[in-house]
Amino acid sequence: MENIFEEIFDYVKDLGIIDTHEHLPSREELRDKDTDILKEYLSHYFNRDLISSGLPVEDYQQIVEKKLPIMDKWKIVEKYWESSRFTGYGRALDISVQGLYGIEKIDASTIEELNSRFLKTLEPGYFKKVLKEKCRIETSLLNVETLAEDHDPLQERSMHCDRDLYSPVYSISDCIFPNQWSAIEKLEKQSGIAITSFERWLEAVGSLIDKAYRLGAVALKNPLAYQRTLKYERTSRSSAEEEFNSILKVKHYPDWIIKPVIPGKNFQDYVFHFILDIANKNDLVIQIHTGIQEGNGNILSNSNPELLSNLFLEYPNVAFDIFHISYPYQNELTVLAKNYPNVYIDMCWAHIVSPNSSVESLVEWIDTVPLNKISAFGGDYLFVDGVYGHQYMARLGVAKALSIKVKEKIFDIDKAKQISKMLFYDNPRQIFGLDKKT
Ligand SMILES: [Zn+2]
């Protein structure tokens with residue numbers, strides 16, 4: 001068994017990758033330079049394990065908001081770090097510092113040296129070195145929230161991203177769920193259409209999607225399982241319009257009062273169906289967040305992919321790229337991907353959320369789901385070092401799953417290698433139509 005795994009891993013570790021999902025800065029020069037290794041590494045994911053293990057939120061805020069000597073910051077988190085080190089998030093960080101800095105692990109004895117090496121990476125050229133040379137990623141699908149060139153890089157990423165590194169995916173969050181007045185103004189500005197009615201809203205949404213594709217988008221993204229249920233019902237235009245009208249009611253509030261915007265569910269449902277209709281006409285791909293929500297506390301059942309079944313049926317020409325293996329609903333996703341020709345499994349984020357479930361799921365899918373429907377890797381990181389740890393764990397997990405199947409004599413080692421290339425490279429390239437674009 002050991003030899004089978006070694007031989008497969010030896011091949012898989014050098015494979016080129018299409019990375020299906022990232023939140024990295026649009027351009028390297030937009031990276032936050034006022035930083036240190038703990039501020040960057042704890043900007044998401046592992047900070048949640050630390051908080052879950054007992055780190056007070058106020059103490060966490062000192063790490064990301066205060067300028068303190070790095071050892072002082074380490075002392076704040078040390079106890080919680082040691083209880084969480086072996087989670088997928090924790091392991092990814094240790095693997096990152098091994099691979100990128102040649103240091104065994106993050107602890108009291110290494111943190112100062114690590115931080116000084118980390119600060120040297122703020123020089124230009126580092127993103128390319130990590131993503132292309134160390135991770136062998138051909139392109140990363142970047143989640144972008146704006147079509148504008150000037151934007152706040154800490155808040156959003158732009159369609160005008162570095163195309164040597166990224167292929168943009170346009171988030172339709174603001175179109176369906178504008179949760180502050182500025183989101184409405186942003187839509188107005190970027191579409192060039194004044195929002196004076198529900199009709200104009202739909203026109204603006206259509207024109208933004210059109211513009212996103214003209215600027216090179218390879219897919220759309222719906223991240224809204226963080227805020228609402230994935231059940232998008234078919235609603236009447238009149239009920240959606242009524243709810244939209246109530247959004248506009250606060251337009252006259254003076255600028256020194258926050259204008260509250262809470263879009264009703266009929267409005268949200270209607271607009272997503274409207275977008276899916278455009279996607280269906282044009283054979284577009286939609287990436288959808290399902291399963292575990294990042295952050296401490298949410299309503300997990302909102303994110304069950306089974307809630308999307310009506311959409312899979314109603315929009316057969318849309319390719320639904322279902323994120324994060326829907327963990328912990330991976331069994332539901334198995335059946336959806338098995339039964340619907342337009343449902344694809346995306347393992348982005350999964351190998352660090354649960355390395356074990358990722359391997360087990362892949363073993364299960366080899367038994368149940370056609371192999372062309374699975375993409376093996378999306379880093380889903382805000383900071384570039386994390387991508388290294390994640391891709392390494394993804395390669396390890398895929399090699400493990402395939403070696404289990406070789407041992408069961410389902411296929412031989414050569415076939416396992418060929419399948420690994422499909423999962424990491426050929427499938428995402430095909431699903432996102434990247435052949436046509438390059
Ligand atoms: Zn994401």
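**Before you start.** The model is predicted: local features need pLDDT of at least 70, side-chain atom pairs count only at pLDDT 80 or more, and totals for chains, interfaces and linings use all residues. Residues are numbered from 1 along each chain as its sequence is written, and side-chain values use heavy atoms, with hydrogens and water left out.

**Stop 1: the two domains.** Select 38-120 for domain 1, then 126-437 for domain 2. These bounds come from an automatic or database domain assignment. Their C-alpha centres are 28 Å apart. Domain 1 puts 20 residues into the contact, and domain 2 puts in 23. Contact here means heavy atoms within 4.5 Å.

**Stop 2: the buried area.** About 1800 Å² is buried between domain 1 and domain 2. That is the accessible area (1.4 Å probe) that two parts lose on being put together, summed over both. Carbon and sulfur atoms give 60% of it.

**Stop 3: the salt bridge.** Select Arg 48 and Glu 294. Their closest N and O atoms are 3.6 Å apart, and they form a salt bridge (a side-chain nitrogen of Lys or Arg within 4 Å of a carboxyl oxygen of Asp or Glu). The count between the two domains is one salt bridge.

**Stop 4: the domain 1 side.** Now select α2 (37-41), α3 (46-52) and α6 (88-101). These are the elements that give two or more residues to the side of domain 1 touching domain 2. Helices are DSSP runs (H or I, at least four residues), numbered from the N terminus. Finish on α6, which gives the most, with 10 residues.
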